[in-house]
Structures are given as C-alpha cells and as structure tokens.
Amino acid sequence: FNLGNEPMIISNACISGVLGIITAARLIRAEKYDHVMVIGADIVSEFTLSGFSALHALTDGICQPYDENRKGINLGEAASGLVLSNDETIFKGTYDKYISGASSNDANHISGPSRTGEGLHRSIERTLKPAEVLSEQIGYLSAHGTGTSFNDEMESIAFNRSGLSNVPVNSLKGYFGHTLGAAGVIEVMFGLEAMKRKQLLPSLGYEEHGVSESMNIVQEVASPNSEYFLKTASGFGGCNAAALFKVG
C-alpha cells in the first residue's frame, strides 16, 4: 500500500480489533501520530475451524447469544476499518468521538473466561472511570456475545457487576458470525452507525433468557437513550477489552 510507516500488527485473540482502536488512540494522545488507520480482518481457515470444533464450540444453526438453548458460535469472515485523528477537519460532515478504553486479562484459562467476570469488569471500570461517565449514562452496549455457555454467562455477571444490567445490549454475531480478530472493528462500525440512525438492532437468535443475571437485551429495533456507546470484547487467554465512544 506504499505506507509511510511500518504497520503495527496486534494479534490478541478476539479482542484484537478493540485493542487496535485503543492502541491507535494512545499513539495519537502520545503525539506519535496525527492520524491512524485501524484495519480489522480475519478469515475462516481449516486451522481455526478445527480448533473450535475440537472444543465442541460450534453450532449447526444460527448462534443464539444469551439464549437458554444456545449451542455455540458461527464463524464469519470480515474486514473493516476506521480512522482516528487529532484533527477533526479531515472528516466530512459529522464524526464520532473515541473517549477512552482499557484492557485486562483475568488469567483464568487458555480457552475459558473468569467465572466471576473479573477481567471484563475491570476493563469496563477502567474505561468509564477516567471518562467520568456513569454506567447509567450509556445508551447502548455492544457485547461480545458468542453464543457459548461460558462466555455469555461471564458477560452477564461482568455487566451486572459494572451496573450495566439496564443498558440496551445486543450481540451482532447472529448476523454475520464471529469474525474473530476483526470482530471488534466491524462491530464498533455497526454500533456507531446504529447509534447515528437511532436504530439498535435486535440480538438475533435470542428468545429465552439463558444466563444467571438480568440483561436488557434488544429484542426489536430500539432507540438509544443517550449518545454514549460502549463496546466490549473478550477472548482466549483471558483477554478482555472495552472502548467508549460518543456519537454525533
């Protein structure tokens, strides 16, 4: 691409996309760069398919995040990108603001998250606190929501601990599958667009509540009640990340 700088590759399981955005913002705030492109891309390979199959984590139908009858994930392929800049004049029309972000590792298991949601809870707390934004001010939460029993349960606990049980939440995995390292970028883009259109998508596949904690899962097209958008992600190795945006 004839780039002027050597690309930075961030490969940290399923939080790679969100962590890429957080890293880009930190580079700009450290005055290393004025503009950073964040690209998330992943493909379905035999290696990836075999790995999830060995874990008995794949479903033979559409995944059902947070549903009582969920059986596992769908894999998807995707690529998406965004630009972060310290110069608002480079954008045409309106633009969205990245506010803050954080990551944390719960060090629980190579393929299983903390049963207490500790890592994700810490990521959320470390994202909201420096931004001085309260959990009840969040208008929309785009969750990781893979449709696997351990991930969905962990998220419900972490969201409850973080005071987010009443925030409208969905998982986009039912629409295009789990796009792995690209998931964070593509789901941030979908989330920002949904916020601007004031049309939060239903969490496809959800019918019967199947996690221990209450969640305000979007079941029909809804409008956010504030301009703050929170994206979370979790992945193998116990990694977790959260990023906060302000739309418009």
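This is a predicted model: local features need pLDDT of at least 70, side-chain atom pairs count only at pLDDT 80 or more; totals for chains, interfaces and linings use all residues.
Local features were considered at pLDDT of at least 70 and side-chain atom pairs at pLDDT 80 or more, whereas totals for chains, interfaces and linings use all residues. Residues are numbered from 1 along each chain as its sequence is written, and side-chain values use heavy atoms, with hydrogens and water left out.

The largest pocket has a volume of about 1300 Å³, and of the 38 residues in its lining, Met8, Ile9, Ile10, Ile39 and Gly40 are the closest to its centre. A pocket is here an open set of points on a 1 Å grid over the protein atoms alone, where a 1.4 Å probe fits and protein lies on both sides within 12 Å along at least five of seven lines; lining residues have an atom within 4 Å of a point. The volume is the space filled by probe spheres set on the points, which are joined across faces, edges and corners. At least two lining residues come from each of α1 (16–29), β1 (35–42) and α2 (46–54), with β1 giving the most, 8 residues; helices (H or I, at least four residues) and strands (E, at least two) are DSSP runs numbered from the N terminus. By class, this lining comprises 23 nonpolar, 13 polar and 2 charged residues, where Ala, Val, Leu, Ile, Met, Phe, Trp, Tyr, Cys and Pro count as nonpolar, Asp, Glu, Lys and Arg as charged, and the others, including Gly, as polar.

The second largest pocket holds about 580 Å³ of space, and Val83, Phe91, Asp96, Lys97 and Tyr98 are the closest to its centre among its 21 lining residues. Helix α1 contributes at least two residues to this lining as well, as do β2 (78–85), β3 (97–105) and α6 (183–197). The lining of the second largest pocket is divided into 11 nonpolar, 3 polar and 7 charged residues.

Positive phi values in residues other than glycine were found at Glu31, near 65°, and at Glu132, near 55°. Glu31 is placed in the loop between α1 and β1 and is exposed, with a relative accessible area of 72%, while Glu132, in the loop between α3 (118–131) and β4 (138–142), is also exposed, at 71% relative accessibility. Buried denotes under 20% relative accessible area, exposed over 50%, and partly exposed the range in between (1.4 Å probe, protein chains only). On this scale Tyr175, found in helix α5 (residues 173–176), counts as partly exposed at 36%.
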